[in-house]
Amino acid sequence: MEDKRKICELLLPALQATRALSDLDSITYHPDIERVTARFRSGHCKSINVEGDSGITMIFDIVSQLI
């Protein structure tokens, strides 16, 4: 099984390096509810459903819901 928490940790700096998401502060995976919380420096939070996702599908879901 893929380590979704690790994928989120590795994805964060890549997204922060972009102009569109440079204000992204954190991406946290919650395994108990299979959701990702994306927090921005402004305080805005976005909850993303990643239930049943593979690692690559989770990345796609995160990126598509943040841009």
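Me: Which residue takes a positive phi in the hairpin of β2 and β3, and near what value?

Reply: This is a predicted model. In it, β2 and β3 (residues 45-49) form a hairpin that has four residues between the strands. The residue there with a positive phi is G43, and its phi is near 100°.

Me: In what sense do β2 and β3 pair, and over how many bridges?

Reply: Strand β3 covers residues 45-49 and pairs with β2. R39 stands opposite C45 of β3. The sense of the pairing is antiparallel, and the number of bridges is five.

Me: What is the bridge partner of L24 in β2?

Reply: β1 and β2 also pair in the antiparallel sense, here over six bridges. One of the residues with a partner in β2 is L24. That partner is F40.

Me: Which residue takes a positive phi in the hairpin of β1 and β2?

Reply: The hairpin of β1 and β2 has four residues between the strands. A positive phi near 50° occurs there, and the residue that takes it is E34.

Me: With which residue does E34 form a salt bridge?

Reply: A search of the whole structure finds one salt bridge. A salt bridge needs a side-chain nitrogen of Lys or Arg within 4 Å of a carboxyl oxygen of Asp or Glu. The closest N and O atoms of the pair are 3.7 Å apart, and the partner of E34 is K4.

Me: How many residues apart are E34 and K4?

Reply: E34 lies in the loop between β1 (24-30) and β2 (35-40), while K4 is in helix α1 (residues 4-16). The pair therefore links distant parts of the chain, with a separation of 30 residues.

Me: Is K4 buried or exposed?

Reply: The cut-off for buried is under 20% relative accessible area. E34, at 25% relative accessibility, counts as partly exposed. K4 has a relative accessible area of 11%, so K4 is buried.

Me: How many disulfides does a search of the whole structure find?

Reply: A disulfide needs two cysteine sulfur atoms within 2.5 Å. For C8, the nearest cysteine sulfur is that of C45, 14 Å away, so C8 is in no disulfide. C45 is in no disulfide either, its nearest cysteine sulfur being that of C8. The number found is zero.

Me: Is C8 buried or exposed?

Reply: C45, at 34% relative accessibility, counts as partly exposed. C8 has a relative accessible area of 1%, and buried means under 20%. C8 is therefore buried.

Methods: Residues are numbered from 1 along each chain as its sequence is written. This is a predicted model: local features need pLDDT of at least 70, side-chain atom pairs count only at pLDDT 80 or more; totals for chains, interfaces and linings use all residues. Side-chain values use heavy atoms; hydrogens and water are left out. Helices (H or I, at least four residues) and strands (E, at least two) are DSSP runs, numbered from the N terminus. Buried means under 20% relative accessible area, exposed over 50%, partly exposed in between (1.4 Å probe, protein chains only). Two strands pair if DSSP finds at least two bridges between them.
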